[in-house]
Amino acid sequence: MNHADSGHKTANQTDLEQPFSSLPLRESLLKNISSLGYETMTPIQVQSLPIMLKGEDVIAKAKTGSGKTAAFGLSLLNHLNAENFAVQALILCPTRELAEQVSQALRRLARLMPNVKILNLSGGIPMKPQLDSLRHGAHIIVGTPGRVLKHLGKETLSLHKLQTLVLDEADRMLDMGFLDDIKEIVSACPKRRQTLLFSATYPDEIKKLSKQFMQHPKEVFVEASHTQHDIEQRFYEVSTQANKFPLLKALLLHYKPSSTLIFCNTKQQTAELSDKLVEAGFSSLALNGDMEQAERHQVIIRFANQSCSILVATDVAARGLDIKELPAVINYEIAFDHDVHIHRIGRTGRAGNKGLALSITIPSDAPRVCLIEENLSHPIVWGNMSELTNSDSTTFQPDMVTVCLDVGKKDKIRPGDILGALTKDGNLPGDAIGKIDIAVLCSYVAIHRNQVDKAYRYLQNGKLKGRKVNVKKLK
Ligand code: ADP
Ligand code: MG
């Protein structure tokens, strides 16, 4: 990127009170914004919207939950011509879940704009309905790189009329190995276009990517200062590595987060620490790169559906993990890099929810801790172990238990089938049933601990869609 051109901006307090009506947005968008209850712009919106609305390229770095989707969404909707039935905007996201979230958010923003078609093209779902929808035409495509590329290859998607390309969570897309796919997609876009890049961190690869694909981008950075509002960050120091575990236990029992993501720096550490936690009576699973895809999938499901309260992961393994409303992140090992630290703790305290980020350090971590502190707008808050109040319980168990059924997508099972069977025929209260995940060959149902035996008995004897099923509780 051309640094002479880039207006390097940082948010300050005066940014916080600006109304959307100060922007040159079309009436239907402004009206809808107030009906959504957005009173003022978030700092990243204040910084980026005026530039994006002028059609310029923007690189925006801001933490999760800062309102990036509405920022690029409002801009691209403002530029859209609904009468022109061609793909005018493409938003690339790292995961299907994120693409789904973005398309839903865009649909909400476009509520009062008639006839705007937004289509989701993500991997992991059948091609056929996507092909049908593409034949009917779409204005905006939200998708994952692999699947978008597949449609380009089949020539079922054309980007010739594209005006805006958005790379959302660009850092995560690169982490997930989408660089080549992204390059290929960009080469299918017209040269004259607006490119918007959103990212929570700003590593070198992103700088390279932006140099290659963007035209004199303006950089807008909303620094971590915004973080303090919703993340309570606290550091604890112990004298040796061996003293970390007792402190970790004390922290878990004091703060009692319903879900905690713990970071270690090596695969081996994740497995060892998780085993130790289980031995101590906690509910914990490890997530690392040594695991098979199927095992990894199961671990993520159990953590996300709250039948396992602790996940111990490496940074690499935690990539692509998309868990909403994570109450706590604990750094059992301090990250080697300040950006990685910010990325880790940015997983908690998303929009409106208060997050807790605890870091356990030993004296030799000092240089890394200093680096983190330099990038905070205030001194580090050190916690005191003696102030941790341990409840009478020595450990805690999650509210939910996962039951695994040997039927899945291949049997055309849908969540409603399982929910219906358990609540109607099995007579379970609806609120006893949590998340239902349907994989290809099997399904996972989170069931409240005090109802799980009843559900289990029912499933062992009852039928699903006329079929007997095998069930097992995951422990
Ligand atoms: P990001 O992509 O930066 O992680 P999102 O775009 O998903 O964050 O926004 C997080 C939440 O903030 C969403 O629920 C969104 O509806 C809400 N939001 C966005 N802009 C505003 C605003 N100006 N005022 C209030 N809430 C907002
Ligand atoms: Mg986002």
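The second largest cavity takes at least three lining residues from each of domain 1 (9-221) and domain 2 (231-387), with domain bounds from an automatic or database domain assignment. Before I go on, this is a predicted model, where local features need pLDDT of at least 70, side-chain atom pairs count only at pLDDT 80 or more, and totals for chains, interfaces and linings use all residues. Residues are numbered from 1 along each chain as its sequence is written, chains are lettered from A and ligands numbered from 1 in the order in which they are written, and side-chain values use heavy atoms, with hydrogens and water left out.

Back to our cavity, then. A cavity here is a set of points, on a 1 Å grid over the protein atoms alone, where a 1.4 Å probe fits but cannot get out, and lining residues have an atom within 4 Å of a point. The whole structure has 3 cavities of 30 Å³ or more. Of its 10 lining residues, T64, E169, R172, A200 and H343 lie nearest the centre. By class, the lining has 1 nonpolar, 4 polar and 5 charged residues.

Now for the second largest pocket, with about 350 Å³. A pocket is an open set with protein on both sides within 12 Å along at least five of seven lines. The most come from α14, with 4 residues. This lining also draws at least three residues from each of domain 1 (9-221) and domain 2 (231-387).

Finally, ligand 1. Among the 14 residues around ligand 1, Y38, T40, Q45, G65 and T69 come nearest; a residue counts if one of its heavy atoms lies within 4 Å. An oxygen atom of ligand 1 is 3.1 Å from a polar backbone atom of S66, and for G67 the distance from a ligand oxygen atom to a polar backbone atom is also 3.1 Å. For K68, an oxygen atom of ligand 1 is 3.0 Å from a polar backbone atom. Polar contacts are pairs of N or O atoms within 3.5 Å. Taken alone, ligand 1 exposes 570 Å², and the protein buries 72% of that, by the Shrake-Rupley method with a 1.4 Å probe.

Note on methods: A polar contact is a pair of N or O atoms within 3.5 Å; within protein, one must be able to donate a hydrogen and the other to accept it, and residues adjacent in sequence count only if both atoms are side-chain atoms. Grid points are joined across faces, edges and corners, and a volume is the space filled by probe spheres set on the points. Ala, Val, Leu, Ile, Met, Phe, Trp, Tyr, Cys and Pro count as nonpolar, Asp, Glu, Lys and Arg as charged, and the others, Gly among them, as polar. Helices (H or I, at least four residues) and strands (E, at least two) are DSSP runs, numbered from the N terminus.
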